[in-house]
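Welcome to this guided tour. Please open your viewer, get your selection tool ready, and follow along one stop at a time.

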Amino acid sequence: MQHNTQDSKYKKKISRFFRYALIVFISIVLGLSIYIWNAGSLAGNKLPMPFGIGAAVVLSGSMEPSISVDDMVLVREGGSYQIGDVIVYEADGMMITHRIYSKEDDTIVTWGDANPVADNPISIQQVKGTVVAVIPKIGVLVRFIKQPIVIILLVAIAFLLFELSYRKEKRIDNEEIDSVKEQIRKLKNELNQEDN
């Protein structure tokens with residue numbers, strides 16, 4: 001009986017942990033989706049950077065071989081920009097990831113590693129930040145997850161798992177209560193038989 005109680009308590013703790021992890025997951029997915037949607041749709045910000053860090057999926061091969069299509073770049077906001085830094089900037093309503101070729105005062109000229117010519121000069125105000133990391137090929141997954149139907153499906157699955165976990169824990173609790181009630185009933189019957 002003691003061993004079963006300990007097992008049951010352990011299973012409850014595990015179940016509770018997974019339930020809380022699902023709540024955190026749902027909150028993060030929904031929160032980020034709403035934040036990115038608001039930044040893109042309402043504020044017109046194509047690269048939201050919460051906490052000074054943003055992420056973008058590369059859509060062209062202009063930075064091959066160092067950065068490929070479907071790689072994700074992590075971008076740090078601000079700082080000083082040097083020749084050779086890979087930056088992300090906005091031009092003609094698009095986010096571009098290229099290397100700084102030359103710099104003079106507030107004007108920067110970039111060049112995609114795979115391109116035959118340099119880009120048109122840009123203002124330093126157009127620069128979103130410096131690429132600090134590249135995660136290869138994760139962009140396929142990111143683009144898939146960012147689809148509204150996938151977000152809804154992930155949230156629904158998480159909610160379903162949460163609900164199933166809660167129901168299982170409740171069923172185990174009810175079984176334990178029924179077991180205790182049955183033991184009490186048996187004890188009462190034994191006491192009644194002894195008294196008779």
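Is Arg 171 buried, exposed or partly exposed? At 42% relative accessibility, Arg 171 counts as partly exposed, where buried means under 20% relative accessible area, exposed over 50%, and partly exposed in between (1.4 Å probe, protein chains only).

Before the next stop, two notes on how to read the model. It is a predicted model, so local features need pLDDT of at least 70 and side-chain atom pairs count only at pLDDT 80 or more, while totals for chains, interfaces and linings use all residues. Residues are numbered from 1 along each chain as its sequence is written, and side-chain values use heavy atoms, with hydrogens and water left out.

**Stop 1: colour by confidence**

Colour the chain by pLDDT, the predictor's confidence in each residue, from 0 to 100. The protein chain averages 80, and 85% of the residues score at least 70. Where pLDDT is low, the predicted coordinates should not be read in detail. The names come from DSSP runs: helices (H or I, at least four residues) and strands (E, at least two) are numbered from the N terminus.

**Stop 2: the sheet**

Switch to a cartoon view and look for an open sheet of seven strands, in the order E1-E2-E7-E3-E4-E5-E6, with antiparallel pairing. Its edge strands are E1 (53-57) and E6, each pairing on one side only. Two strands pair if DSSP finds at least two bridges between them. Strands of a sheet pair through backbone hydrogen bonds, either parallel or antiparallel.

Select strand E3 (residues 86-91) together with E4: six bridges join these antiparallel strands. Click on Ile 87 and you will find its bridge partner, His 98, in E4. The hairpin of E3 and E4 has two residues between the strands, and there Asp 92 takes a positive phi near 55 degrees.

Move along to E4 and E5, which pair in the antiparallel sense over five bridges. Glu 104 has Thr 107 in E5 as its bridge partner. This hairpin has two residues between the strands, and Asp 105 takes a positive phi near 55 degrees.

**Stop 3: an aromatic pair**

How many aromatic pairs does the count come to? The count comes to one. Rings of Phe, Tyr and Trp (its six-membered ring) pair if their centres lie within 6.5 Å; planes under 30 degrees apart count as stacked, over 60 as edge-to-face and the rest as tilted. Tyr 101 and Trp 111 form an edge-to-face pair, 4.8 Å centre to centre with 65 degrees between the planes. Because Tyr 101 lies in strand E4 and Trp 111 in strand E5, the pair ties together parts that are 10 residues apart in sequence. Tyr 101 is partly exposed, at 48% relative accessible area, and Trp 111 is partly exposed too, at 24%.

**Stop 4: salt bridges**

Side chains of opposite charge can pair when their charged atoms come close. A salt bridge is a side-chain nitrogen of Lys or Arg within 4 Å of a carboxyl oxygen of Asp or Glu, and a search of the whole structure finds three.

Select Arg 99 and Asp 113, whose side chains meet in a salt bridge at 2.8 Å, N to O. This pair links distant parts of the chain: Arg 99 sits in strand E4 (residues 94-104), and Asp 113 in the loop between strand E5 (107-111) and strand E6 (122-123), 14 residues apart. Arg 99 is partly exposed at 25%, as is Asp 113 at 35%.

Glu 175 is partly exposed, with 43% relative accessible area.

Further along, Glu 182 and Arg 185 meet in a salt bridge at 2.3 Å, N to O. Both lie in helix H3, three residues apart.

**Stop 5: a nonpolar patch**

Finally, select Leu 153, Ile 157, Leu 160, Leu 161 and Leu 164, which form a nonpolar patch on the surface with about 480 Å² of accessible area together. Patches are made of residues with over 30% relative accessible area and no salt bridge: like charges are joined within 9 Å, nonpolar side chains (Val, Leu, Ile, Met, Phe, Trp, Tyr) within 5 Å. Accessible areas come from the Shrake-Rupley method with a 1.4 Å probe; for residues, only the protein chains shown count as cover. Leu 164 is placed in helix H3 and is partly exposed at 48%.
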